[in-house]
Amino acid sequence: MSFLAPLYLLGIAAAAAPIVLHLVRRAPRGEVVFSSLMYLKPTPPVSARRSRLEHLLLMLLRIAALCLLAFAFARPYLSRALPGLLGPARERVMVLVDTSASMRRGDAWPKAVALARKAIESRAEGDELAVFAFDTETRPLLAFSEARALDPAARRATAIARVEAASPSWRATRLGQALIEAVAALDFESAAEREQAPRERRIVLVSDLERGGRLEALGDFDWPSNVQLEIEPVELPGANASLTLAEPGRAAHDRPNEPRRVVVSNEPGHDQDAFTLVWSSDGGKPQGAPIPVHVPPGESRVVSAQAPAGLGGARVLTLKGDAYDFDNMVSIAVPPAETIDVVYLGNDRADDPAGARFFLERAFENAPGRTVRVLAEARQGASAWPAAKRPGLVVIAAEPPDPLRSQLVSFVESGGLALVLLGPEPPRATLATLAQVDPRTLALPLVSGDWMLGQIDFAHPLFAPFAGAGFNDFTRIHFWKICDIKAGALGGARIVARFESGAPAVVELARGKGRVVVLASSWRPVDSQLARSSKFVPLLATLLESGAPGSRLGDRIAIGDPVPLAGAEPLSIKKPDGSTALATGVFKDTDSPGFYTATGSSPPFSFAVNLDPQEGRTAPVAREVFEQYGCRLSRRAPTPVDVAQVALERETEQESRQKAWRPIIVSLLGVLLLETLLAGRARGRAPTPAEAFTS
Amino acid sequence: MSTGEPHAGRAEHASEPVAAASGWIDPVALSRIKNLQIRARVAVEGFVRGIHKSPFHGFSVEFSEYRQYSPGDDPRYLDWRLYARSDRHYIKRFEDETNLRTYLVLDSSRSMTYGSGPLKKCDYARTAAATLAYFLTTQRDAVGLALFDERIVEFIPPRYRPGQLRRIMGVLEREPAGRATDLGTPLEQVAATARKRGLVIILSDLLAPTGLLANRLGALRARGHEVLLLRILDPAEITFPFRDAARFRDVESGREIILDPARARAEYMKRFTEHAAELKRLAVELGIDHAQISTADPLEVVLFQLLGARARRGRTTGRGHAKPGAMR
């Protein structure tokens, strides 16, 4: 039996009061009116033994009432040892440190290291400990398995050393995803380990909790009941302003000297609202006049910033006036103007609106930032296509002459891109050659009817730009004449789209280093509505760009995004810090903002990598938001200092669960009722007529 | 009929259960009859009527005796026929029934308001006075009333005439408002007022020293009055049944004393008995009918015994002949 408020037991001393009061002899309180006192003289009462006994019972009841009251106020409870309450409770603890770009602000990182160190040092030796870092992805600094292999005494020192060795990256924050992965890592153990592992798990999150941390990933996550989240916020004074591109990638399609739209955001609570934008070349001095921008705290402004004349293709726009400058710069790579040749191998004239060439030439008109020439001089007997340089795309609408066919094969094998149209004159022999199948087995029967595209692989680069909900409606494009490509007729070709009948509509073949895209119809107006649909121009532009990836990325790449590269040969990519990396097909090492230059291809090209726009939203998220997402928030770990507080909380919980004061209060009421009855009975015992009348 | 005066039928009906049970009317039940006159009539119907003989000789049909005329006699009463026959003057005397002149002297002091039960002493006394007045009126006797506490506060001379009974009832229905009891002064006033001989019925609790009482009662007796002393007491005053210690307050003076009844009872009973014995001795000495009545006793039984005893004794005015003990 324990008491939650034992001081109230002192109230039992009040039990002396009834004893004293019962010892004090008092004048009788009752009054009797009598006709005459002529026969009477004062005779003070002397307690009889019997009445004393009755009063003793009353006194005992009154003492009992006071004792019960004091007892109830002391809130007694039966203390039961709850497992893992106060003893050397072992926990499986993960310290999750934010290393995103926002941690580069001011002294955020030193503070984060200090908090992580404190969290690690507060752990008991018996705890299982791991340290993870997160930004866009979550990575272990000290995994559970590694920590378990360490000497328990050295475990915490190692963990602290790993944190101190880490540094914030330029990547964006994916806090929600990091928490999910942390929970998974807490549970990631073998069945044998699970038996021994502590049941209580804890994630100590050291982060600036920025709003742009994409916490919404927790929305569908079912937070485990045995994992507690302890938040150690990195708090910084002041607020942040950020600069981001309004339309990333726009530079590739704009003319070089058009003004560029950027967004200046000012976080709530910032004491600044006047900023300036300054242009400069990459690593160069500021150029042109500063552009003043007024943005009240908590708001954003879109600003059209006109670059000064003479600025090169690698431009930097910087926001001045903000204390935290990690997100105050955007790099804009303006690709140089270029001319791309598209070879058309067909028999129709350029001015024939019933043919395919007519629409092909018009599809590439007015392409921003580049000039596309459609060359269609190939005729029977021609030995080579007229392009002086390597074309970006070869469109085959009719069977080309044999010399051209061999040139086409070598073009594709060396990494070129060809588009085969299976129109009224399907180039069966060329297709068979490119697909490396027997022409005699390749049956391409023309079928008339009415079809739509029924199944499209939007993951394919050709259709990826149309994957959005507003652009993926291809049902208005009808096909009336198609070639029925039998399954397996083209070997290991990838079917990118099918007609609603299930017949392949768009097929991609790989040949050597290049690719061949086969359209099982044509865009001639008599064959289909493709040329007259809104999808035609972007589809061809995407196809043309896929022949030379990377060259026109401009500034659409954010930190951590993979960059597709053309060709199968490795490219040497120079990073902003001057280091060089080799990449083939995809370059993934976009780990810092600035300009990247790829050499090894002809011509060399540059692209800019910028910070994730969300990373500038540094205002902290409230703790309640975590609770709304279902996280079980806890206070700090129960350090020895807090043991008494924790013990008190547990005692309070036990007491409130048992509620022993209730039966005590009921007993008290019973005693009071009994006391009232007895007292009333003692007073009104055997009432005489006179007493009854006068009372 | 929740309010207003109950009629005779209802009064009889109200008294029926008690009367049926014991043969007599319970005083409490009787006191429930609001109208005092009806209450009195109900009580009167319960006892035998008494007959009073006039102590005077006067006009009557019943001849008593002749007496020789002496100067100063009223010549109207000369028997002229006898004078014609015998030439002597004789006065003709008759024995005639005449009005009894009755004075009801009622104590209205504060102590009469005491009652340990539902019935107060004053209620009982008023009912008794009203009953006697009604009874005497039906006997064609003259009835008067004197209400006193420390002095006479109301006095109605005895008369037999229409309206007299109603006046008496009106006075009796008033609540007593006096304070202390002092029999001396009121009895002196009664003696001074009642010049003609008659019956003086004193209804009081006599909770007062007997000092002057003897002189005043003696003065009444000396004037030829018959005196009937009815001492009306509450049962609690007779037995003192209290048990628990309490503050006892005098209803007249307001004086309070702290009392343990268990210890005080013996002393009380001793002094009470002594006082009662003193009163009794006084009554015997003066030839006064004396009765002690408890408010628990049925009224008509008391009056029956009282008046019955008087009727049996006849008109006795001599000292030392009263038998008060016969009434109880």
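**Exercise 1.** In what order do the six strands of the open sheet in chain B stand?

*Solution.* Keep in mind that this is a predicted model. Step one: go across the sheet of chain B and read off E5-E4-E3-E6-E7-E10, noting that the pairing is mixed. Step two: look at the edges, where strand E5 (152–159) and strand E10 (289–294) of chain B each have a single partner strand, so one side of each is left without a neighbour in the sheet. Step three: follow the twist, which averages 15° from one strand to the next.

**Exercise 2.** Find out whether strands E3 and E6 of chain B pair in the parallel or antiparallel sense, and then see which helices pack on the sheet.

*Solution.* Start with E3 (residues 101–107) and E6 (residues 199–204) of chain B: five bridges join them in the parallel sense. Along this pair, Leu203(B) in E6(B) is opposite Leu106(B). Helix H5 (residues 121–138) of chain B lies across E3, E4, E6 and E7 of chain B, at about 170° to E3(B). Helix H10 (residues 261–286) of chain B touches E7 and E10 of chain B, and its direction makes about 150° with that of E10(B).

**Exercise 3.** Describe how chain B meets chain A.

*Solution.* First, count the contacts: 32 residues of chain B are in contact with 25 residues of chain A. Next, ask which element gives the largest share of chain B's side: H10(B), with six residues. Then sort that side by residue type, which gives 15 nonpolar, three polar and 14 charged. Finally, look for strand pairing between the chains: strand E2 (residues 31–34) of chain A and E8(B) pair in the parallel sense over four bridges, and Glu31(A) has Arg247(B) as its bridge partner.

Methods
Residues numbered from 1 in each chain as written. Chains lettered and ligands numbered in written order. Predicted model: local features only at pLDDT ≥ 70, side-chain atom pairs only at ≥ 80, totals over all residues. Pairing = 2+ DSSP bridges. Helix = DSSP H or I, 4+ residues; strand = E, 2+ residues; numbered from the N terminus. Axes fitted to C-alpha atoms, helices over the stretch in contact; angles between N-to-C directions. Contact = placed C-beta atoms within 7 Å. Nonpolar A, V, L, I, M, F, W, Y, C, P; charged D, E, K, R; others polar.
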